[in-house]
Amino acid sequence: MIYFEKVSTQRNYLKILIPIISILLGFFIGGIAIAVAHINPFEVYKQLLINAFGSPYAISETLVAAVPLMLITAGLIVVFKMNIWNIGAYGQYIMGAIFSSYFPIFLTDKIPHYMMLPVMVIASMIGGALWALIPTILKIIWEVNEVITTLLLNYIALFILKFLMYGPWKNPSSYGFPLSKTFPDYAQLPILFSGSRLTIGFVFAIFALLFVYFLISKTRFGYEMRIIGDNPKTAHYAGINVKKNIIIGMLISGALAGLAGMVEVSGIIHFLQIKIGADYGYTSIIVAWVSYLNPITTFFASILFGGLSSGGYSIQITMRVSYGIVNLIESIILFSLVGAQIFLNYRVRWKK
């Protein structure tokens, strides 16, 4: 009879092997789906690789897609370490985009040009943090499950964005399309390299990962965060203020997701619209799992999934492959990672 024996420490070789197998499994099942559509999966993956990493411009586009993932995942690491499951990064990302867009849409004449970008950055982080504060208060006071509230708040944020884009914030000159007016030049993030779309948002993402790395490994808050994640009751008996740490963690998580929204609208799109990167919030959860909540490995995992995203859009156009294939691959990877956790925490035994 087969049974599972709990292990005291997780095996390091499995921590490396499981993400690799999960990613390969995702590509394998995605390949089957592509073959069913009568398209050569090897050619699709070849083009995916070329379009993601085959040229300096392709690499820059991969980094463009990786920047929001790095920012959002950095925030998710903080709360996931405490076993607080913030599924609402997408909503916080939207609110960050909305808060930051208000200033270049309505206050261009009232804010000095050199202050516009700093104001947008601060506004986006406040917007994301406030949106994350709602489920946090519900959890702290009434113990409402944060998975449900953060998930539902994603839809509310999207409906608020739709209301603004079809209503008071719609540009009268957009011929009926739900778009705001274009941001002025001084409200757009500077480009890092000419000939690319990579902005200073990439620097923000690097700093965010370094900040979270320092926070969780070098500070008392990081130590308390890990204790709370291991056992909240133990943390409580040890005198750790669990509620205060959860509030701080959620505020940081929401602020970084909000900053990602500002980086997208100010650096890439240059106006507010309904479609502002819907996949980033959920893909970041996968990135967080693949990287084992480590800010350093998050950098590389974000580039991998950024390449999958930018290459996926390219093959959608050039080879007429549905972008749903990319979503399928990401879903299989997440499913495999979650399912494989049992092999990290348990050892398979055979009993006669």
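**Notes on helices, salt bridges and a surface patch**

1. Glu 224 counts as buried at 11% relative accessibility, where buried means under 20% relative accessible area, exposed over 50% and partly exposed in between, with a 1.4 Å probe and protein chains only. Arg 220, by contrast, is exposed, with a relative accessible area of 65%. Arg 220 forms a salt bridge with Glu 224, the closest N and O atoms being 2.9 Å apart; a salt bridge here is a side-chain nitrogen of Lys or Arg within 4 Å of a carboxyl oxygen of Asp or Glu. Because they are four residues apart in helix H8 (residues 220-230), Arg 220 and Glu 224 are separated by about one helical turn.

2. This is a predicted model, in which local features need pLDDT of at least 70 and side-chain atom pairs count only at pLDDT 80 or more, whereas totals for chains, interfaces and linings use all residues. Residues are numbered from 1 along each chain as its sequence is written, and side-chain values use heavy atoms, with hydrogens and water left out. Helices (H or I, at least four residues) and strands (E, at least two) are DSSP runs, numbered from the N terminus.

3. By the rule given above, the count comes to three salt bridges. One of them joins Arg 197 to Glu 61, with the closest N and O atoms 2.8 Å apart. Arg 197 lies in the loop between H6 and helix H7 (201-218) and Glu 61 in helix H3, so the pair ties together parts that are 136 residues apart in sequence. Arg 197 is partly exposed at 36% relative accessibility, while Glu 61 is buried at 14%.

4. In another salt bridge, the side chains of Lys 139 and Glu 146 meet at 3.1 Å, N to O. Lys 139 is partly exposed, with a relative accessible area of 24%, and Glu 146 is buried, with a relative accessible area of 6%.

5. Helix H6 (residues 146-166) has 21 residues and spans 30 Å from its first C-alpha to its last, close to the 30 Å expected at 1.5 Å a residue, the expected span being 1.5 Å times one less than the number of residues. Asn 145 caps the N-terminal end of H6, with a side-chain oxygen 2.7 Å from the backbone nitrogen of Val 147. The buried residues of H6 include Glu 146, Thr 150, Leu 153, Ala 157 and Leu 161, and what covers the buried residues includes helices H4 (89-106), H5 (113-142), H10 (242-269) and H11 (280-290).

6. Which residues form the nonpolar patch on the surface? Val 147, Ile 148, Leu 151, Leu 152, Tyr 155, Phe 159 and Tyr 282 do, with about 660 Å² of accessible area together. Patches are made of residues with over 30% relative accessible area and no salt bridge, like charges being joined within 9 Å and nonpolar side chains (Val, Leu, Ile, Met, Phe, Trp, Tyr) within 5 Å. H6 supplies the largest share of the nonpolar patch, six residues. Leu 151, which lies in helix H6, is partly exposed at 31% relative accessibility.

7. Asn 86 is found in the loop between helix H3 (56-80) and H4, and is buried, with a relative accessible area of 0%. The side chain of Asn 86 reaches the backbone nitrogen of Gly 88 at 3.0 Å. Not counting residues up to four places away in sequence, Asn 86 touches Leu 76, Val 79, Phe 80, Gln 92, Thr 150, Met 250 and Ser 253, contact meaning heavy atoms within 4.5 Å.

Terms used: A polar contact is a pair of N or O atoms within 3.5 Å; within protein, one must be able to donate a hydrogen and the other to accept it, and residues adjacent in sequence count only if both atoms are side-chain atoms. Accessible areas come from the Shrake-Rupley method with a 1.4 Å probe; for residues, only the protein chains shown count as cover.
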